[in-house]
Amino acid sequence: MQSFPNAGSGAIVEAMAARIVENKAYLSEIDGKIGDGDHGVNMAKGFGMAAERLKGRDASLAEAFALLGEVLMGEIGGSMGPLYGMTFTEFAEAIEGRDAIDAALFSTMLHKGLEGVQSIGSAKVGDKTLLDTFVPAVEAFDAATAEGKSFAEALDALVAAAEKGRDSTIDLVAKIGRASRLGERSRGVLDAGATSCAMILKSLADGAKARLA
């Protein structure tokens with residue numbers, strides 16, 4: 001049974017933060033087409049602050065998620081702070097105190113994070129939000145493990161579905177948030193939240209895969 005250690009895996013969150021910071025301008029550019037244009041700035045600020053605090057700490061994945069969730073919920077503005085803050089707080093709680101993270105626990109963690117997001121807003125798949133990335137990614141991971149695929153293969157399925165979900169938002173009309181006021185004019189542009197969610201899930205999957213034993 002493949003698994004990876006909780007201890008020392010906080011570096012996954014540092015790599016995730018680096019990815020968000022490096023895409024700050026891109027995420028804000030996408031957001032600027034139909035939203036406030038501050039998605040990349042807010043995300044880079046929150047993830048960057050968390051990475052600074054994690055530096056040199058050799059934190060567990062649970063500790064790193066908890067710290068990131070705290071920073072995003074407490075210190076970042078915009079709509080995404082609470083949404084992602086809740087996601088990572090739930091991720092942390094799901095794996096707290098567990099030595100090894102296998103596919104079953106990883107699935108539980110994903111579901112808890114997803115439920116955290118859904119508990120805050122009324123968005124659903126098709127509304128042009130991060131859920132268009134998150135929901136199919138979790139479903140694909142579960143489907144792969146149910147088919148008897150390995151943890152690594154399930155992580156590949158998660159990433160492929162996340163990216164497909166992200167791309168699906170180009171053809172959607174925004175139903176939630178500021179972009180929803182544009183109606184039809186919100187079509188033809190990627191959703192910034194769906195895009196950052198795909199980046200986050202890819203970093204998470206890459207980090208987990210690199211540590212699998």
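Let's start with P82, which is partly exposed at a relative accessible area of 30%; here buried means under 20% relative accessible area, exposed over 50% and partly exposed in between, using a 1.4 Å probe and protein chains only. P82 sits in helix α5, where helices (H or I, at least four residues) and strands (E, at least two) are DSSP runs, numbered from the N terminus. Setting aside neighbours within four places in sequence, P82 is in contact with L72, M73 and I120, contact being heavy atoms within 4.5 Å. As for A62, it lies 20 residues from P82 in sequence and 18 Å from it in space, C-alpha to C-alpha.

A word on what you're looking at: this is a predicted model, so local features need pLDDT of at least 70 and side-chain atom pairs count only at pLDDT 80 or more, while totals for chains, interfaces and linings use all residues. Residues are numbered from 1 along each chain as its sequence is written, and side-chain values use heavy atoms, with hydrogens and water left out.

Now for the aromatic rings. A pair of them is described by the distance of the centres and the angle of the planes. Rings of Phe, Tyr and Trp (its six-membered ring) pair if their centres lie within 6.5 Å; planes under 30 degrees apart count as stacked, over 60 as edge-to-face and the rest as tilted. By this rule there are ten aromatic pairs. Take F4 and F151: their ring centres are 6.2 Å apart and their planes stand at 40°, so the pair is tilted. Because F4 is in strand β1 (residues 3-5) and F151 in helix α8 (residues 151-168), this pair ties together parts 147 residues apart in sequence. Both F4 and F151 are buried.

Next come F65 and F88, with centres 5.7 Å apart and planes at 25°, so this pair is stacked. F65 belongs to helix α4 (residues 61-75) and F88 to helix α5 (residues 80-95), so the pair ties together parts 23 residues apart in sequence.

Finally, have a look at helix α7 (residues 131-146). Its 16 residues reach 22 Å from first C-alpha to last, close to the expected 22 Å, which is 1.5 Å times one less than the number of residues. Among the buried residues of α7 are L131, F134, V138 and F141. The buried residues of this helix pack against α5, α6 (103-120), α8 and α9 (192-211). Just after α7, G148 takes a positive phi of about 85°.
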